[in-house]
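Hi there,

Here is the structure I promised to pass on to you. Please open it alongside this email, and my notes will follow below.

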Amino acid sequence: EMLHGISLAVESLGMELALAVSLADVSGHRLYLRNTAEQPVLLASLPQYTTATAVVKRVVDIIGSACALLISSPIMLGVAIAIKLDDGGPVFFSQQRVGLHGKPFTMYKFRSQIGGGQKWATKIGHFIRKTSLDEFPQFFNVLKGDMSLVGPRPALPDEVARYGSLYSTRLLVKPGITGPWQVSGRSDLSQEQSEYLDVSYIENWSMVGDLGVLGRPVLVVCVVP
C-alpha cells in the first residue's frame with residue numbers, strides 16, 4: 001500500500017518511477033520492462049500527468065467557473081439577499097479545507113445554518129442546501145485555483161490527519177466541486193468505497209472522464225457536504 005501511494009506521488013510530480021519487478025504494485029500505470037545488467041527493472045508511468053494536460057485542465061476550470069459565475073450571478077444575488085433578510089447574519093460561510101499537496105485554503109459557501117458550530121438550518125438554509133445553491137460560491141475557489149471543477153471532495157484537516165499512505169494520494173490533485181464519489185451515490189457509499197473511488201480517480205484521470213462527470217444531470221451531481 002505504501003509503495004502504491006509513493007508511485008502515484010512520484011508520477012504526479014513528473015518524475016520517472018523505476019522499480020525492481022519483485023516490488024511492483026503499480027496498478028493503473030503504463031508499464032515498461034527494461035533489462036539491465038543487474039536485474040529487470042519495471043518503468044511505470046501515468047501518461048495523463050503531464051504539463052500539457054495540467055494546463056488543459058486549468059483552462060477548462062477557468063472557463064467553466066467563469067461561465068458558471070456569470071450565468072448564476074442573478075441567482076446568487078437572490079440567495080444572498082434572502083439570507084440577509086432571513087436573520088440578518090453574514091451571507092457567506094467559510095471553512096478551512098486541505099487542497100493540493102496538503103496546502104490549506106479557505107472554502108466558501110452561502111451560509112445555511114446558525115447557532116454554535118453552525119448546527120441549525122435557517123429558513124432559507126433548508127432550501128439552498130437541498131438544491132445545492134449554498135455551494136455556488138465554490139466557483140470562486142475554482143477561479144482562484146484552490147479547487148477544480150472535478151476532483152476528490154475537499155477534506156477537513158482532521159480528516160487528512162487520519163489518512164493512510166495510499167489514501168493520502170488524493171492530495172496529489174486539487175479537490176473538486178464535484179467528482180466520481182458524488183455521481184456514484186455518496187450517501188450510500190461506505191468509507192472503503194469512497195476511498196477506492198478517490199484513488200481510482202487519481203490513477204485513471206482524464207479530461208474525457210471529467211467532462212463525463214460534469215455532464216451528469218444537475219440533480220445527480222450534488223456538491224460538497
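Let's begin inside the protein: Lys-57, Val-60, Asp-61, Ser-148, Leu-149, Val-150, Met-207, Asp-210 and Leu-214 line the second largest cavity. A cavity here is a set of points on a 1 Å grid over the protein atoms alone where a 1.4 Å probe fits but cannot get out, and lining residues have an atom within 4 Å of a point. The second largest cavity holds about 30 Å³ of space, where a volume is the space filled by probe spheres set on the points, with points joined across faces, edges and corners. At least two lining residues come from each of α2, β8 (148–150) and α8 (207–214); helices (H or I, at least four residues) and strands (E, at least two) are DSSP runs numbered from the N terminus. By class, this lining has five nonpolar, one polar and three charged residues. For these classes, Ala, Val, Leu, Ile, Met, Phe, Trp, Tyr, Cys and Pro are nonpolar, Asp, Glu, Lys and Arg are charged, and the others, Gly among them, are polar.

A word on the source: this is a predicted model, in which local features need pLDDT of at least 70 and side-chain atom pairs count only at pLDDT 80 or more, while totals for chains, interfaces and linings use all residues. Residues are numbered from 1 along each chain as its sequence is written, and side-chain values use heavy atoms, leaving out hydrogens and water.

How many cavities of 30 Å³ or more are there? The count comes to two. The largest cavity contains about 40 Å³ of space, and its lining includes Val-98, Gly-99, Leu-100, Arg-153 and Lys-174. That lining has eight nonpolar, one polar and three charged residues.

Next, two backbone details. His-101 is not a glycine, yet has a positive phi of about 60 degrees; you will find His-101 in the loop between β4 (92–98) and β5 (104–110). Ser-132 also has a positive phi, near 65 degrees, and lies in the loop between α3 (123–130) and α4 (138–144). Is Ser-132 buried or exposed? Ser-132 counts as buried because its relative accessibility is 16%, and buried means under 20% (exposed is over 50%, partly exposed in between; 1.4 Å probe, protein chains only).

Finally, have a look at Val-59, which sits in helix α2 (residues 51–87). Val-59 counts as partly exposed because its relative accessibility is 40%.

Enjoy exploring!

Key
On a 1 Å grid over the protein atoms alone, a cavity is a set of points where a 1.4 Å probe fits but cannot get out, and a pocket is an open set with protein on both sides within 12 Å along at least five of seven lines; lining residues have an atom within 4 Å of a point.
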